[in-house]
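User: Could you walk me through how to read the features of a protein model, one at a time?

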Amino acid sequence: MMLVDSHCHLDFPDLAGDLESVMALMRENQVTHALCVSVTLEDFPKVLAIAEKYPHVFASVGVHPDYEGVTDATPEALMRLAHHAKVVAVGETGLDYYRIKGDLEWQRERFRNHIRAARLCGKPLIIHTREAAQDTVRIMREEGADNAGGVMHCFTETWEVAKSALDLGFYISFSGIVTFKNALALKEVAKKVPLERMLIETDSPYLAPAPFRGKMNQPGLVKYVAAEIARLRNQSMDQIAEATTGNFFKLFNVKKDISHAIT
Ligand SMILES: [Zn+2]
Ligand SMILES: [Zn+2]
């Protein structure tokens, strides 16, 4: 069995401080690869350094919507940074009307620039959306995000939103939230999303899945996300692992090179 964590933040201090034990748990839980996602250009060199050091870790480049007052980038600048063999995606980008309030035109403009960058460099988008689904989907349509493709990460929205994203050719990624007892509506969405368009992630160090809720999360725990989805869909862990891992390599255009897997 091979599992992939499609979204984590290994450069954040909680994880960066002890990467060797993070890698050890990945190995133990058969999590063979991870995608370390960028949130600011200031921290991008750290993300890239981790991806360069570990053959089984990939990187993205982008500026997260929750970071106000950090360096913004033109589509051309993002495209230049994305031009690296280990950088497989643009993001995370999107809209967050929960964490940040006020006039958020800067967030929407930043999101548009990321979609333009993804189209320019031909790499998929990693999209974050929170309490902003309508505007997120509207801007995806307006900017032709379907030409780049990508994933709606840490999905917590309704089936209608999932359907809109699927119609644009996007994948849906589930995090530890799907394991939470009270996430009943999300569990229903996880039953309906076609397996060939599904990814799994931790978004670590946040959102540890049950039974580790509230503790520090890490890529090795993506196994518990896969287990819950298998349970919900009456499928085997192997089926969920094979599909989501295959989807990861396909979406991010990574050659399925087992020699680079951590084992
Ligand atoms: Zn996010
Ligand atoms: Zn994230």
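Predicted model: local features only at pLDDT ≥ 70, side-chain atom pairs only at ≥ 80, totals over all residues.

User: Which residues coordinate the zinc ion (ligand 1)?

Analyst: Donors are N, O and S atoms within 2.8 Å of the metal (3.2 Å for Na, K and Ca); water is not among the atoms, so sites may look incomplete. Here Glu92 (OE), His128 (ND1) and His153 (NE2) coordinate the zinc ion (ligand 1) at 2.0 to 2.2 Å. Along the chain, these donors follow the spacing E-x35-H-x24-H. His128 lies in strand 5 (residues 125-130) and His153 in the loop between strand 6 (150-152) and helix 7 (159-167), so the pair ties together parts that are 25 residues apart in sequence. Helices (H or I, at least four residues) and strands (E, at least two) are DSSP runs, numbered from the N terminus.

User: How far apart are the zinc ion (ligand 1) and the zinc ion (ligand 2), and which residue coordinates both?

Analyst: They are 3.5 Å apart, and Glu92 coordinates both.

User: Are His128 and His153 buried or exposed?

Analyst: Buried means under 20% relative accessible area, exposed over 50%, and partly exposed in between (1.4 Å probe, protein chains only). Both His128 and His153 are buried.

User: Which way do the side chains of strand 7 point?

Analyst: In a regular strand the side chains alternate between the two faces of the sheet. In strand 7 (residues 171-174), Tyr171 and Ser173 point one way, Ile172 and Phe174 point the other way, and all are buried.

User: What does strand 7 pair with?

Analyst: Two strands pair if DSSP finds at least two bridges between them. Strand 6 is joined to strand 7 by two bridges, and they run parallel; Met152 stands opposite Ile172. Three bridges join strand 7 to strand 8 (residues 198-200), again parallel, with Ser173 opposite Leu199. A crossover is right-handed if, with the strands pointing away from the viewer, the path from the first strand over the helix to the second runs clockwise. Strand 6, helix 7 and strand 7 form a right-handed β-α-β unit, and so do strand 7, helix 8 (residues 184-192) and strand 8.

User: How many residues does the largest nonpolar core have?

Analyst: A nonpolar core is a set of buried Ala, Val, Leu, Ile, Met, Phe, Trp, Tyr and Cys residues joined through side-chain atoms within 4.5 Å. The largest one has 76 residues, and those with the most contacts inside it include Phe155, Ile172 and Phe174. Helix 9 (residues 222-233) gives the most to this core, with six residues. Apart from it lies another core of 15 residues, among them Val37 and Phe248.

Definitions and conventions. Residues numbered from 1 in each chain as written. Chains lettered and ligands numbered in written order. Heavy atoms only, no water.
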